[in-house]
Amino acid sequence: MWSPQQQQNMSQQQRTLGMTSAITMAGPKQLDHDRTDELIETLELYNVSVTEQELNHRMEILSKLNNLVKEWIKETSINRNMPPNVAEQVGGKIYTFGSYRLGVHHKGADIDALCVAPRHVDRSDYFTSFFDKLKEQKEVTDLRAVPEAFVPVIKMNFDGIEIDMLFARLALREIPDSMDLQEDILLKNLDPKCVRSLNGCRVTDEILRLVPNVENFRLALRAIKLWAKKHGIYSNALGYLGGVSWAMLVARTCQLYPNAVAATLVHKFFLVFSKWKWPQPVLLKQLDVVNLGFTVWDPRVNIADRYHLMPIITPAYPQQNSTFNVSMSTRTIMEDEFKNGLAITDDIMVGRATWDKLFEPPNFFTKYKHYIVLLASADTPEDQLEWSGLVESKIRHLIGNLERNQHIKLAHVNPECFPHYESNEQSSTAQPATPSPSDTSSTEVTEKTAVSDSNPVAETPPAPNVTSPGVTTPTPTPPPSTPNTSSKPGKEGLGSMWFIGLVFEKTEHLNVDLTYDIQSFTETVHRQAMQIKMMKDGMKIEARYVKRKQLQSYVPPNLLKRERKTSTSNSNPSQTPRNGTATPMMSPTSESNKSSTANNGASNKKRISENSCDGYFKKAKMGDETSGQGDESPNQSIVQGGEDSNSTSYSLDESSNTYVNIGETHKSTETAGSQIVGASNSAALTKELLFSSTFIIIDPISKQHKRLLATSCCEDDHYLGSL
């Protein structure tokens, strides 16, 4: 038994690990250990951990880099007339951060590193003399410097491992090997680029200090990162969450359940954040008050911070929102994934499903009826690498443009970048959503298809042929509604593609024009390329609007088959009774069967502890609101537009009287302005939450909410804890 003083000390220690006290201090049961062992076995199949040999190889590489840094700083010091014996003592050091520092890196992952130098070595030396020194190393390949980036970086491949190395100069005479970057005073008199470079290491180290059990945290984080990548919500650049944001969410879960094992933490992760009241911020500790003059996240002072939709605040000074790029669409998608993840882990914890179910990728290419295909191409592989990187970094601006269109309900970008795929049917089914700046006589081709949500397969008479004034257009043959299996397979070309799924508002007699939204995005990309002097001949960007059945012209058939197979397995769930025998549903196409409590492959897998947890709890499953909305009508006609700027081409959308206008090349300034200006409801909610008479940033978990979180999973007193 613990003495009262020991219990008080332990309680005080737990209270310091987070903004609020823990939801429960209860320890794990045998069932939790069994689920954790199953989780470990499943993660091993996905190669999310590295071998001892690879770990040693990474340590050797970092040791070599550290020696190179010390040698370079010594040479630079001597060149500045410093005595050799003094130059020997100035030091210099390599620090790591990111997934490698957190201990959750996977096989083949890169290493994020930071070079810290004393005050007499500046950034210009780093990108000149040190860059030249790296060139001389036989282990270094693919060496490239990006000094003009927001966080300047040198990228390289060092003996088979990708490394991104930042630079920071401290206001110190020497950098000893034992130096810790935790102290805030180290940031005094530093320039903003150095502070941003140091922030990665400081945040990573602070996260590890703020979790009660590092090993449980690492295992849970590995599972959450794998889940996020499989479900297409792991990309900071595209408006989802990056690695540090996922780490902070898992760390907050560990603070709320300090004695839970990894399987329980994964389950509680979905429980907590499926109920989180965004845009209430997630914080791992109270904001530090440090008067060093750097901007910190504070909606009381910074107006822009009041409009952040999903704030997750870094724990190290200067505190920043790591989810600045999140939009309404990406937040909605992640919220739905949290709820679906909770439903799946509910089944896993009671034995109705296995962990494989959690890591099944979603059926993105069958989830929506309407898509925008974004294509970026260049003449050479080197130009293509730079061009696609720039385009990808700006896609979130296109999502923002689409969201500001009052008729678009959701714009879902798939973070996976696909190589350009050339199909024999592509020329007859593809149509540019906006003309290329260099092509003044482009012809828009679109489908005019009736879609009815109440009767998805209802046939509609073919639309009459529409032509521009003075232009004669033939009536082309409609594309086949099913893939042409007799055609030759396509091939991959030099280029990159991204897919954006669209959901339109259900409004009748609606004409949706996407021309301005897409042209604004392409102009932003070209303007940025001009500013950084990247623009070269052959660099092109194009956006096309396609229906779901036309995706066969853009992605290989095997990918579509894989997606359809996944969709079929999800729409034909099995009911698993206590004896583990799967009973198929009667109607394989029923909409009510889309959300399943177990998949076909996993439901037959028996567990040792399966019979011990029957009746653990029962919970309603989340349905997929956007999938299975029905295929397009088989009656279609293609409409071609002429060169006239007033010519239009339409595609019938969700309602039978809703059209998508993708052929206009002009749009009134007044209309465009009305779509761009205006704050969202979530922004007003942020202001209401954060500007009360008593401003205290806390987790949105009241005492009553704690009981809900503790008891909603089961009625066992194991989850009640001490509230």
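Predicted model: local features only at pLDDT ≥ 70, side-chain atom pairs only at ≥ 80, totals over all residues.
The unreviewed UniProt entry lists F97, G98, S99, D110, I111, D112, D164, K225, Y234, G243 and V244 under "binding site". Among these, G98 lies in helix α5, which covers residues 98-102, and S99 is found in helix α5 as well. Because buried means under 20% relative accessible area, G98, at 17% relative accessibility, counts as buried, and S99, also at 17%, counts as buried too.

The table gathers the values and contacts of these two residues, where the contacts leave out residues up to four places away in sequence.

| Residue | Relative accessibility | Contacts |
|---|---|---|
| G98 | 17% | D112 and T204 |
| S99 | 17% | V104, H105 and K225 |

Turning to the nonpolar cores, the largest of them has 108 residues, of which F217, W227 and W246 touch the most other members. Domain 2 (210-357) and domain 3 (365-422 + 493-548) both give residues to this core, so the core lies between them. Not counting residues up to four places away in sequence, F217 touches L102, I207, L208, V211, A247, V250, A251 and C254; L102 falls within the residue range 98-102 of helix α5. In soluble globular proteins, nonpolar side chains tend to be buried together.

Note on methods
Residues numbered from 1 in each chain as written. Heavy atoms only, no water. UniProt positions renumbered as here; feature names shortened; annotations may be inferred. Helix = DSSP H or I, 4+ residues; strand = E, 2+ residues; numbered from the N terminus. Buried < 20%, exposed > 50% of the residue type's maximum accessible area, 1.4 Å probe, protein only. Contact = heavy atoms within 4.5 Å. Core = buried A, V, L, I, M, F, W, Y, C linked by side-chain atoms within 4.5 Å. Domains from an automatic or database assignment.
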